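These are my notebook entries on a structure that I went through piece by piece. I wrote down what I looked up and what I found each time.

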Amino acid sequence: MHSFRFSDYLAIRTDPEILNLTYDSESEINYHRLFRGGIASFFEMERSLLFPDAYLALVAMLRNQIHDGDVLCVVPQAYVAIHDALEVIQRIRKNVQVRVPTTGTLSDIPVHTKRLVLISNGIHVAEARILPIDRWYERLCEIHQKRGIPCAFLLEDSHGVGVLGEHGRGTFEHFGIPANSMQPSGVPCFFSGSLAKAFGTSGGFLAGEKKWLKTIRQCDPGCCRDSQYPMSSAVAGIHALVLALQPERRAKLRENVQFFRELLTHRKIAFCGDAELPFVILEQRKAVEASRYLESKGIQVGLTHFTKHPRLRVVVTPAQTREEMTFLAEELAQIK
């Protein structure tokens with residue numbers, strides 16, 4: 001079976017080094033501490049925290065960074081998970097207003113806004129697009145400078161970390177925006193992420209300054225203690241972070257993405273998606289039927305979720321061969 005479905009963007013989960021990994025569970029080595037340190041080092045942060053999944057990492061970030069009386073602007077393309085998390089926050093924060101800006105200007109912000117917080121995801125997965133985080137950030141800086149309103153930017157970046165940016169640190173790095181710092185000047189930016197996408201292991205995380213994360217660790221119920229996070233995942237994660245830094249792995253991913261996009265273009269198969277991302281969205285009609293047809297040919301692809309009409313989502317990784325990608329393109333060309 002040829003799989004183009006899973007979000008193992010760097011092909012780490014299926015790497016022989018991970019599949020053949022062994023460790024001594026009775027060892028005195030603190031694998032959890034090494035893993036947290038590895039995450040912090042990867043993102044050039046002081047410290048990191050682990051969570052059972054990316055959603056709980058997002059909730060912890062929102063709970064820590066949203067204050068009573070804040071005006072929250074949620075971008076129109078926000079994940080369903082963001083809206084779900086905000087329902088949790090609204091139960092514990094008083095007088096919080098949630099708005100969805102109709103334009104990219106944030107021009108309808110109330111005059112007497114106490115504090116403005118913009119909330120977004122880094123990538124619109126259903127359209128394979130990198131959201132214009134840089135423009136939103138510039139607008140926040142403008143509001144802060146001209147109107148004197150304190151602002152903050154909170155980003156759920158599960159599909160961006162490990163993939164975007166020169167070093168794979170995510171959407172903020174992609175746009176050159178410093179993140180996860182408690183420095184009061186300017187517009188502070190914070191992000192949460194997933195370990196289950198590009199890094200091929202399990203859980204979610206926050207990385208940042210010690211002072212910030214110490215507060216979250218002490219009071220957030222979702223934060224994992226060592227006994228709550230599987231040791232096998234921590235051991236695999238230590239090795240996964242090393243693999244994620246391999247320049248040849250990232251170069252192979254870019255090469256495969258470009259090759260597959262050229263195949264689709266040559267065969268006049270309609271698709272959309274930013275070239276920096278390791279997946280594309282195909283425009284075939286009757287996506288569910290198309291998915292079943294491809295599966296009958298030994299090919300697995302994904303379907304977009306939370307959309308009115310599902311579409312085919314094809315993930316490209318460094319592990320796929322040109323023959324596999326060509327076979328998929330040929331079968332896609334047969335679908336009418």
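**The loop with G160.** I looked up G160 and found it in the loop between β8 (151–156) and α6 (171–174), where helices (H or I, at least four residues) and strands (E, at least two) are DSSP runs numbered from the N terminus. This is a predicted model, in which local features need pLDDT of at least 70 and side-chain atom pairs count only at pLDDT 80 or more, while totals for chains, interfaces and linings use all residues. Residues are numbered from 1 along each chain as its sequence is written, and side-chain values use heavy atoms, with hydrogens and water left out.

Is G160 buried or exposed? I noted that G160 is buried, with a relative accessible area of 0%; buried means under 20% relative accessible area, exposed over 50%, and partly exposed in between, with a 1.4 Å probe and protein chains only. Leaving aside residues up to four places away in sequence, G160 touches I123, G170 and T171, a contact being heavy atoms within 4.5 Å. G160 and G170 are 10 residues apart in sequence, and their C-alpha atoms are 4.6 Å apart in space.

**Q145.** I then turned to helix α5 (residues 133–147), which holds Q145. Q145 has 65% relative accessibility and so counts as exposed. From Q145 to G186 I counted 41 residues in sequence, but 8.2 Å in space from C-alpha to C-alpha.

**The nonpolar core.** Which residues touch the most other members of the largest nonpolar core? They are L116 and F153, in a core of 109 residues; such a core is a set of buried Ala, Val, Leu, Ile, Met, Phe, Trp, Tyr and Cys residues joined through side-chain atoms within 4.5 Å. Not counting residues up to four places away in sequence, the contacts of F153 include L118, W136, F172 and C189.

**Cysteines.** I searched for disulfides, meaning pairs of cysteine sulfur atoms within 2.5 Å, and the structure holds 0 of them. For C189, the nearest cysteine sulfur is that of C141, 7.1 Å away, and C189 is buried at 2% relative accessible area. For C224, the nearest cysteine sulfur belongs to C223 and is 6.7 Å away; C224 also counts as buried, at 10% relative accessibility.

**Aromatic rings.** I counted 12 aromatic pairs, taking rings of Phe, Tyr and Trp (its six-membered ring) as paired if their centres lie within 6.5 Å, with planes under 30 degrees apart called stacked, over 60 edge-to-face and the rest tilted. The rings of F43 and F199 are edge-to-face, because their centres are 6.4 Å apart and their planes stand at 75 degrees. This pair links distant parts of the chain, 156 residues apart, with F43 in the loop between α2 (31–42) and β2 (47–51) and F199 in the loop between β9 (189–194) and β10 (204–208). F43 is buried at 4% relative accessible area, and F199 is buried at 1%. Ring pairs also link a cluster whose members include F43, F153 and F199.

**Helix α3.** Among the buried ones are L58, M61 and R63.
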